[in-house]
Amino acid sequence: MRAILNPQGALWAAQCLDYDVAACGGSITEAKTNMLQLIEDQRVIDGDAGRWNLRGIPKAPEAFVKVWDGAQLMDSTAEMEWRLINMDTPGAATLMMDAFP
């Protein structure tokens with residue numbers, strides 16, 4: 001899976017691209033941890049309900065996907081590839097105004 005991280009005032013927002021889920025935290029580490037926990041919790045809920053993992057959750061809006069290529073690679077794990085966006089990332093300024101009014 002892929003996720004972008006971006007600063008939102010005093011918080012960091014994490015947006016998954018493969019599923020339209022987001023989390024935040026007071027630091028990059030906290031935002032990443034919260035995102036991974038959210039996905040794991042959803043997998044448990046889906047499994048308990050007899051559904052395939054994350055089935056029915058659409059992909060993130062295209063505006064998030066468009067900034068992916070210009071975002072800075074932070075790290076990559078078995079669970080997630082993380083990239084950081086800021087106002088210098090192509091398309092990020094428009095994304096921030098539209099997605100986080």
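Mentor: Let's begin with a term: a disulfide is counted when a pair of cysteine sulfur atoms lies within 2.5 Å. In general, a disulfide is a covalent bond between the sulfur atoms of two cysteines. This is a predicted model, where local features need pLDDT of at least 70 and side-chain atom pairs count only at pLDDT 80 or more, while totals for chains, interfaces and linings use all residues. Residues are numbered from 1 along each chain as its sequence is written, and side-chain values use heavy atoms, with hydrogens and water left out.

Trainee: How many disulfides does the rule give here?
Mentor: The count comes to zero.

Trainee: Is Cys16 buried or exposed?
Mentor: Buried means under 20% relative accessible area, exposed over 50%, and partly exposed in between (1.4 Å probe, protein chains only). Cys16 has 0% relative accessibility, so it counts as buried. Cys24, at 40%, is partly exposed. Across the protein chain, 32% of the 101 residues count as buried.

Trainee: What pattern does the protein chain follow along the sequence?
Mentor: Helices (H or I, at least four residues) and strands (E, at least two) are DSSP runs, numbered from the N terminus. Here there are three helices and five strands, and the pattern reads β-β-β-α-α-β-β-α.

Trainee: In what order do the strands sit in the sheet?
Mentor: Strands of a sheet pair through backbone hydrogen bonds, either parallel or antiparallel. Two strands are called paired if DSSP finds at least two bridges between them. In this model the open sheet runs β3-β2-β1-β5-β4, with mixed pairing. β3 (22-25) and β4 (72-76) are at the edges with a single partner strand each, so one side of each has no neighbour in the sheet. From one strand to the next, the twist averages 25°; axes are lines fitted to C-alpha atoms, for helices over the stretch in contact, and angles run from 0 to 180 degrees between N-to-C directions.

Trainee: Which helix packs on the sheet?
Mentor: Helix α1 (residues 28-48) does, touching β1 (2-8), β2, β3, β4 and β5 (81-84). Contact means heavy atoms within 4.5 Å. The direction of α1 makes about 145° with that of β3.

Trainee: How do β2 and β3 pair?
Mentor: Strand β2 (residues 11-16) pairs with β3 in the antiparallel sense, over four bridges. Trp12 stands opposite Gly25 in β3.

Trainee: Where is Phe64 placed?
Mentor: Phe64 belongs to helix α2 (residues 62-68), and its relative accessible area of 5% makes it buried.
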